[in-house]
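Please look at the model below. The questions that follow concern its pockets and its metal site.

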Amino acid sequence: MDLLNDEQFMLRALALSKLALPNCRPNPPVGCVLVKDNTIVSEGYTQAPGLHHAEAQAISHYDGSLNDITAYVTLEPCSFVGRTPSCAHTLAGLNIKRVVVAMLDPDPRNSGKGIKVLTDAGIDVDIGVCHDEVGTFISPYLLP
Ligand SMILES: [Zn+2]
C-alpha cells in the first residue's frame, strides 16, 4: 500500500469530518472520501441524525461501481442499524474493494464488529492511518 497517499486521503477525510459539526450531534463527526485510480471521486461527512452517515453520503454522490474504489473513513463504519442503515453492511453489499479506517469505534455496539462485517465480505481493510490526528479531533465526541 502507498502510505503517503493513504495519509493524504485520510487527512482530507479528517478535514471533511470537521464540517459535520454541529449538525451531526449526537452522532460522531465522521468524514469519508472515495478514491479511484489515486483520485478522489466523492466525499461525505456525517449529516444530521436520521440522514446519511459519512460513508452513505459519499456513496450517494457517486454513480459508478464500487468494485475498484477505496473508501477512507475516519471512524470504523457502523455495524448496527440505528436511525439509518448500517454503513459496514452497505459497503459490503456494494462490494467495495478496500476500506481504510483511522480508528476503531469504541462504541460497544460497534467496536470491531464493523471491521468484521467488511473482512467477512472479502474486503481489504487497513486500520490506523492518521490514527493520532483523527483521534485528537474525534475522541471528545465518541462514546467511552
Ligand atoms: Zn454509519
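Q: How do the residues of the lining of the largest pocket divide into nonpolar, polar and charged?
A: This is a predicted model, in which local features need pLDDT of at least 70 and side-chain atom pairs pLDDT 80 or more, while totals for chains, interfaces and linings use all residues. Residues are numbered from 1 along each chain as its sequence is written, and side-chain values use heavy atoms, without hydrogens and water. Ala, Val, Leu, Ile, Met, Phe, Trp, Tyr, Cys and Pro count as nonpolar, Asp, Glu, Lys and Arg as charged, and the others, Gly among them, as polar. On that scheme the lining has 13 nonpolar, five polar and seven charged residues.

Q: Which residues coordinate the zinc ion?
A: Donors are N, O and S atoms within 2.8 Å of the metal (3.2 Å for Na, K and Ca); water is not among the atoms, so sites may look incomplete. Along the chain the donors follow the spacing H-x24-C-x8-C. At 1.9 to 2.2 Å, the zinc ion is coordinated by His53 (ND1), Cys78 (SG) and Cys87 (SG).

Q: Is histidine 53 buried or exposed?
A: Buried means under 20% relative accessible area, exposed over 50% and partly exposed in between (1.4 Å probe, protein chains only). Cysteine 78 is buried, and histidine 53 is likewise buried.

Q: Which element gives the most to the lining of the second largest pocket?
A: Helices (H or I, at least four residues) and strands (E, at least two) are DSSP runs, numbered from the N terminus. Helix H1 (3-17), strand S1 (31-36) and S3 each give two or more residues to this lining. With three residues, the element that gives the most is H1.
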